[in-house]
Amino acid sequence: MVVNNPNNWHWVDKNCLAWSKEYFDEKLTNLKAEEGSSKVKIANVSSVEGDVDVSQRKGKVISLFDVRIVLTFEGSNENDDNISGSITIPELAYDSSADGLVFDISIYNETSQNSNITELIKGKLIPELKKKLMRFGPDLIEMNSKDIQLEADKVTSTYTKANLVQPHKAESKPDKQVESAKNTSVAKAIPTKPQSSVPKYNTTTLHLEPTFNTSAEQIYITLLDASRIAAWTRSPPEIDSFPPKEGSSYKFFGGAVSGKILKLVPNEQIVELWRLQDWKEGHYAELDMKLIQSSGETKVVVKFSGIPIGEEERVRDNFEDMYIRSIKITFGFGAVL
């Protein structure tokens, strides 16, 4: 409930990005499409980046949002039982229309045998995604208006009372999962560690899919071997001898980036705790890099979780420039960005 806002007159803003991630997780994960022997489903919501705000003044509630959403999918057909990839919606905004939405489809390890899954996604899965995405705006206001407004019976102004949101007039009732989500204040920070001493941020995610013209083995070594790291960072790193041990710490760029290695699957996956030097002491994002090799190239599916809200562009720009672009220039692993 709004504090010290008589008659809902003053401007009140609510950041709903964390709530939005929960909403999309609930509404989009496990969405399926089938045709003949081909099947595809949304496996998870990999990333939700951008701005989502609900505001109230003079009894009126409005929402302004502009987000980029990345979904990962899994599928199969008569030729391949293990198809995976991503669907990127570059922009879902408060003024978007269903016909104006763009869906960029990327298949990992694409071959002539599995490429037809794209037609199933376009023909049957994307129409269902459009329906769900176009409900986001109304549901955003429906679920987030109550705790930024006084109840109608506590408003004495006829003017502002007439402008109050009427949730019962919404087109559909929210399901239990989203109903419970509204009771969780999105202003509450998300801790990255369970210890109470660790500072808290509101956090978000980031998804990238750079491609390198080399093998997964070479990328794995390049990201973990001290001599190679020194070459693409242009500075001596602090990291165990290759291969470093899980649980060991590292520092790159003179300590500007540091963290701890959580999981290593040789030539397939690297999972790290990762932080920038000026973040609050004790706060780490998780950096998950999956190496997917196909003929002549390797796609690295990068997912950051736990990035402080407002730091998304900075992390993206730094990673694309200081990691991806630098590695490509230094070792000749493909065209630079």
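Me: How many cavities of 30 Å³ or more does the structure hold?
Reply: This is a predicted model, and it holds 2 cavities of 30 Å³ or more.

Me: What volume does the largest cavity have?
Reply: About 60 Å³.

Me: Which residues line the largest cavity?
Reply: Pro210, Phe212, Ile219, Leu223, Met289, Val300, Val302, Phe319, Tyr323, Ile324 and Ile327. By class, that lining has 11 nonpolar residues, with no polar and no charged ones.

Me: Which element gives the largest share of that lining?
Reply: Helix H8 does, with 4 residues. H8 covers 312-331, and helix H6 (216-224) and strand S13 (297-308) also supply at least two residues each.

Me: And the second largest cavity, what is its volume?
Reply: About 30 Å³. Its lining is made of Leu223, Trp232, Phe252, Glu272, Met289 and Tyr323.

Me: How does that lining divide by class?
Reply: Into 5 nonpolar, no polar and 1 charged.

Me: Different topic. What is the mean pLDDT of the protein?
Reply: The mean is 82, and 79% of the residues reach 70 or more. Over residues 152-162, though, pLDDT is below 50, and this stretch has 19 contacts in the model beyond near neighbours in sequence.

Me: Where else does pLDDT stay under 50?
Reply: Over residues 166-198, for which the model has 46 contacts beyond four places in sequence. Where pLDDT is low, the predicted coordinates should not be read in detail.

Terms used. Residues are numbered from 1 along each chain as its sequence is written. This is a predicted model: local features need pLDDT of at least 70, side-chain atom pairs count only at pLDDT 80 or more; totals for chains, interfaces and linings use all residues. Side-chain values use heavy atoms; hydrogens and water are left out. On a 1 Å grid over the protein atoms alone, a cavity is a set of points where a 1.4 Å probe fits but cannot get out, and a pocket is an open set with protein on both sides within 12 Å along at least five of seven lines; lining residues have an atom within 4 Å of a point. Grid points are joined across faces, edges and corners, and a volume is the space filled by probe spheres set on the points. Ala, Val, Leu, Ile, Met, Phe, Trp, Tyr, Cys and Pro count as nonpolar, Asp, Glu, Lys and Arg as charged, and the others, Gly among them, as polar. pLDDT is the predictor's confidence in each residue, from 0 to 100. Contact means heavy atoms within 4.5 Å.
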